[in-house]
Amino acid sequence: MGGKKQEVLQDLADAVVEMDEEKAKKSAQQALQEQIDAYKAIMEGLSKGMEVVSEKFESEEYFVPEVLMCSDAMYAGLEILRPHLKAESVATPAKIIIGVVEGDTHDIGKNLVKMMMETAGFEMHDLGRDVSLKSFVEKAQEVKAEMICMSTLMTTSMGGMKTVIDLLKSEGIRNNHKVMIGGGPISQSFANMVGADGYAPNTAAAVRKAKELLVRR
Amino acid sequence: MASTEVMNRTGYYWPEVHKDPAKMAGLAKEMHDITGLENVGVPFCMTVEAEALGCRVDYGKIDIEPRIVENALGKVEGFKSLKMLDPERDGRMPTTLEAIALLCEQTKDIPIIGNLVGPVSLATSVVDALLLLRLMKKKPQEVHRILHFLTDNLIEFGKAQIKYGADIITIADPTATGEILGPALFEEFVIPYLNRITDVMDQLETRTIIHICGNIKTVLKKLDRLRTNCLSVDSMVSIKTLKEPMGNTPVMGNVSTFLLEKGPADKIFRNASTLIKNGVDILAPACGLSPRTSVENIRALTQTVRGVGYETN
């Protein structure tokens with residue numbers, strides 16, 4: 001691939017890291033002009049940029065407001081490129097349900113995880129916050145989700161995570177869905193205790209864990 | 001802070017107490033009497049101001065505190081149409097005030113702690129949190145206008161609580177944490193507004209406690225700019241690291257809220273004792289109390305203080 005194309009991919013990534021919506025849009029247009037495959041432009045341009053953002057978030061150089069601005073730039077570029085995606089070039093994304101457990105309205109962390117997972121190529125179904133336990137199970141079945149992600153910052157909602165897992169078991173569908181949990185009071189040992197498939201202590205780890213758990217055979 | 005065990009013993013139940021001043025005062029006093037907490041505090045949620053501004057609240061259950069289920073505003077332009085609140089009339093603010101007055105009548109030497117939600121946290125209840133956080137970068141002047149308006153309202157509520165008998169005002173600002181904002185935005189949007197509130201309380205000879213959630217290590221260097229009589233912190237913060245930035249200002253905290261619920265009691269006692277050795281000035285739960293915390297576990301906390309013979313404020 002030519003130098004010019006490489007430059008455009010770099011510009012896409014930079015636009016995201018620099019929180020520059022205009023640059024992201026311009027570079028997306030350029031990518032189309034240069035006839036870069038839209039999927040490639042997304043994964044090797046915008047997504048790469050978000051990976052850098054994720055690292056900066058983990059290392060505390062960027063905080064939540066910065067990450068939000070970066071994601072705005074990413075979505076601006078995505079809006080231009082998405083219509084040009086060729087159906088065959090994109091693998092069917094894995095579907096993930098995500099939400100904050102009933103009783104809790106703290107959702108900044110969940111929103112960041114959702115955003116990062118979407119960037120990584122997952123199809124996210126966001127149930128929001130204060131989500132009833134049955135909803136996790138119902139929605140997972142409805143969209144045939146491969147994974148259910150639950151989060152909470154409050155001890156009083158933690159028990160709900162076990163209830164959801166028990167509901168899956170009692171309906172005989174536990175093996176249809178991976179379950180990952182996270183949040184302030186959550187730990188690996190709690191995850192083991194309630195029978196979750198995965199636990200992640202932060203946003204970047206959540207994305208890595210999801211990729212690990214959902215490796216297609 | 002309340003425990004369902006105390007509710008069951010006394011008949012003062014969530015969610016009824018949230019709307020009934022006599023029951024609210026009753027529960028606060030029973031918490032003091034039964035668990036050994038050395039103050040009484042109202043209200044039992046962080047939704048009073050937000051509700052008065054138009055947020056929809058779910059009052060919860062016996063063991064789930066009230067929470068905001070719908071923002072008051074979809075867009076920040078809506079703030080221009082909000083009017084100043086009247087603490088003696090709007091929403092459940094009068095309930096809190098009457099409960100404070102009742103506690104004043106019913107107790108003699110027990111400090112009455114009133115509570116305010118901090119400006120940034122209140123802002124993120126009134127409009128979507130992510131929207132406000134974005135605006136901090138995109139339209140900072142807009143955010144300043146919003147925080148200014150909300151701070152004016154909080155000051156009025158604080159003044160009213162003092163008028164009705166509160167001895168101390170705690171400002172809890174969970175969203176205003178270094179973890180979410182980072183040091184630059186913390187300095188620009190959190191410190192000036194908290195200080196405006198505490199300065200007014202100070203003029204009224206009322207002491208303040210500021211509670212900030214989460215890991216504050218990113219904003220340690222900014223803490224000395226905060227004007228307050230006491231800083232309360234979350235469990236992951238090392239008390240020792242606060243000694244330098246806070247100087248002589250007392251530090252409060254930070255027994256893990258999760259540990260308090262889980263126990264066992266002797267682990268709580270050991271944890272609390274270590275905190276006292278490390279220099280905590282006021283022993284308290286790190287981030288509120290889960291209502292499912294047992295009386296035994298809370299007493300493990302309050303007894304630690306007495307056991308070591310340590311005097312609190």
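In this predicted model, the charged end of A:Lys56 sits over the ring of A:Tyr62. The distance to the ring centre is 5.5 Å.

Helix 1 of chain A spans residues 3–17, and helix 2 of chain A spans residues 21–33. Their axes come within 8 Å and cross at roughly 155 degrees. Because of that angle, helix 1 of chain A is roughly antiparallel to helix 2 of chain A. The crossing of these two helices is left-handed. Helix 1 of chain A contributes A:Lys4, A:Val8, A:Asp11, A:Leu12, A:Asp14 and A:Ala15 to the contact. They meet A:Lys23, A:Ala24, A:Ser27, A:Ala28, A:Gln30 and A:Ala31 in helix 2 of chain A.

Now to the aromatic rings. Over all chains, the structure holds one aromatic pair. B:Trp14 and B:Phe44 form this pair, which is tilted. The centres lie 6.3 Å apart, with 55 degrees between the planes. The pair links distant parts of the chain, 30 residues apart. B:Trp14 is in the loop between helix 1 (4–10) and helix 2 (21–35) of chain B. B:Phe44 is in the loop between strand 1 (40–42) and helix 3 (48–52) of chain B. Both B:Trp14 and B:Phe44 are buried.

Further along chain B comes B:Met252, in strand 8 (residues 251–255) of chain B. B:Met252 counts as buried because its relative accessibility is 15%, and buried means under 20%. Leaving aside residues up to four places away in sequence, B:Met252 touches B:Ile209, B:Cys230, B:Leu231, B:Ser232, B:Val233, B:Val280, B:Ile282 and B:Ala284. B:Asp281 is 29 residues from B:Met252 along the chain, yet their C-alpha atoms are separated by 5.8 Å.

Notes:
Residues numbered from 1 in each chain as written. Chains lettered and ligands numbered in written order. Predicted model: local features only at pLDDT ≥ 70, side-chain atom pairs only at ≥ 80, totals over all residues. Heavy atoms only, no water. Phe/Tyr/Trp six-rings, centres within 6.5 Å; stacked < 30°, edge-to-face > 60°. Helix = DSSP H or I, 4+ residues; strand = E, 2+ residues; numbered from the N terminus. Buried < 20%, exposed > 50% of the residue type's maximum accessible area, 1.4 Å probe, protein only. Lys NZ or Arg CZ within 6 Å of the ring centre and 35° of its normal. Axes fitted to C-alpha atoms, helices over the stretch in contact; angles between N-to-C directions. Parallel < 35°, antiparallel > 145°, perpendicular 65-115°, else oblique. Left-handed = near helix turned anticlockwise from the far one by under 90°. Contact = heavy atoms within 4.5 Å.
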